[in-house]
Amino acid sequence: MKLRKLFLGAAMAAVLQAGASAAVAQGAASFPDKNLDIIVTFPPGGGTDMLARLIANYIPETLGKSAIVENRPGASGNVGARVVKERAPDGYSLLMVNSSFAVNPGVFKTLPFDPKKDFDAIINIAYVPSVLVVPANSAYQKLADVTAAATKSNDVSFGSCGNGTPQHLAGELFKLQAKVNMVHVPYKGCGPALNDVVGGQIGLAVITASSALPFIKAGKLRALAVTSKERSKLMPDVPTVAEQGYPGYELTQWHGLLVPAGTPDDIKQKLYDGVARIMRRPEVQQRLADLGYDTASDGPAVFQKMVASDIDKFTALAQKIGLSAD
């Protein structure tokens with residue numbers, strides 16, 4: 001009797017496991033059968049938001065369902081990340097992040113999630129440098145003017161897209177290399193920071209090039225330097241930070257999509273294939289190039305490794321310069 005019960009128990013477990021496997025396979029085969037949610041970790045108006053909405057416009061063509069973009073700003077992206085971390089790992093909730101996702105573990109003492117374990121990577125879609133900008137009527141004509149002012153006074157401040165963002169880190173790196181003190185003014189996204197530097201409420205800001213470029217072209221902002229290794233093709237007259245006396249200075253931001261950990265591989269591959277097809281469209285590539293982005297299409301495995309590597313790199317860097325966002 002005992003053997004019979006053991007046999008029946010094992011058989012039932014096998015049936016249940018087979019049923020669960022079949023359900024997962026069937027779910028992957030029919031995915032998606034409802035609309036997708038793309039959670040953006042910053043407010044409307046910034047580069048990360050723009051990229052999410054650009055992708056969402058084409059999702060119906062490549063995946064057959066609509067994508068709804070929802071902004072959940074706060075704590076340098078940690079608020080939005082927590083929202084997605086708590087969603088079901090079924091592929092319907094995506095997290096649109098930038099490099100701040102990899103910066104946060106090094107600058108926040110506690111996080112409401114584990115950035116390495118709670119998310120699976122889907123695709124890295126683009127890179128963009130940041131740019132140091134001032135109002136058009138600013139007395140700062142070049143980066144050396146900022147350094148000189150900060151050397152003489154402790155009243156010089158710089159705005160960024162938020163605590164722990166790549167722009168915050170870019171400003172701190174400049175302070176470290178220039179050996180000056182500037183007060184950091186964090187905003188809840190690049191959009192609000194742009195509004196204040198255009199309006200003259202703050203005299204200097206570090207903003208993504210994609211967000212600042214239209215204002216630079218319109219003559220409302222003056223660009224003093226870009227943070228990338230080489231000059232931007234769209235701003236060839238704007239020197240890099242490195243070539244203005246700070247060799248080795250470089251910080252370029254990536255943007256990509258994540259899903260909750262445990263999302264089936266077949267579904268992750270479908271998401272990657274759908275978004276990668278969008279990124280290959282000539283009009284999308286031209287649109288991003290016009291905004292100062294370099295397009296990318298790194299897949300789940302490559303992007304996952306990149307995120308993990310950057311988390312380690314930025315954590316070590318934050319510790320070195322004593323950077324903390326808490």
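**Pockets, cavities and helix contacts**

Reader: How much space lies in the largest pocket?

Author: About 370 Å³ of space lies in the largest pocket. On a 1 Å grid over the protein atoms alone, a pocket is an open set of points with protein on both sides within 12 Å along at least five of seven lines, while a cavity is a set where a 1.4 Å probe fits but cannot get out. Points are joined across faces, edges and corners, and a volume is the space filled by probe spheres set on them. This is a predicted model, in which local features need pLDDT of at least 70 and side-chain atom pairs count only at pLDDT 80 or more, though totals for chains, interfaces and linings use all residues. Residues are numbered from 1 along each chain as its sequence is written, and side-chain values use heavy atoms, with hydrogens and water left out.

Reader: Which residues are the closest to the centre of the largest pocket?

Author: Lining residues have an atom within 4 Å of a point. Of the 17 residues that line this pocket, Arg231, Ser232, Lys233, Gly292 and Asp294 are the closest to its centre. At least two lining residues come from each of β4 (119–135), α10 (282–290) and β10 (294–298); helices (H or I, at least four residues) and strands (E, at least two) are DSSP runs, numbered from the N terminus.

Reader: How does the lining of the largest pocket divide by class?

Author: Its lining has five nonpolar, six polar and six charged residues. Here Ala, Val, Leu, Ile, Met, Phe, Trp, Tyr, Cys and Pro count as nonpolar, Asp, Glu, Lys and Arg as charged, and the others, Gly among them, as polar.

Reader: And how many cavities of 30 Å³ or more does a search of the whole structure find?

Author: The search finds five. The largest cavity holds about 70 Å³ of space, and its lining has four nonpolar, seven polar and no charged residues. Among the lining residues are Phe42, Pro43, Cys161, Cys190 and His255.

Reader: Let's turn to the helices. At what angle do α4 and α11 pack?

Author: Helix α4 (residues 100–107) packs against helix α11 (residues 300–321) at about 40°, and the axes are 7 Å apart. Axes are lines fitted to C-alpha atoms, for helices over the stretch in contact, and angles run from 0 to 180 degrees between N-to-C directions. In this contact (heavy atoms within 4.5 Å), α4 contributes residues including Phe101 and Val107, and α11 residues including Ile311 and Phe314. The residues of this contact divide into nine nonpolar, two polar and one charged.

Reader: Which residues of α6 meet α11?

Author: Leu169, Glu172, Leu173 and Leu176 of α6 meet Phe314, Leu317 and Ile321 of α11. Six of the contact residues are nonpolar, none is polar and one is charged. The angle between α6 and α11 is about 45°, with axes 11 Å apart.

Reader: How far apart are the axes of α2 and α9?

Author: They are 9 Å apart, at an angle of about 115°, with α9 spanning residues 265–279. Among the residues that meet are Ile55 and Tyr58 in α2 and Leu271 and Ile278 in α9. By class, this contact has eight nonpolar, two polar and three charged residues.

Reader: Now the backbone: is the peptide bond from Phe31 to Pro32 cis or trans?

Author: That bond is cis, with omega near -10°. Pro32 sits in the loop between α1 (2–30) and β1 (36–40). Please look at Lys179 too: it has a positive phi of about 60° although it is not a glycine. Lys179 lies in the loop between α6 (166–178) and β6 (183–186).
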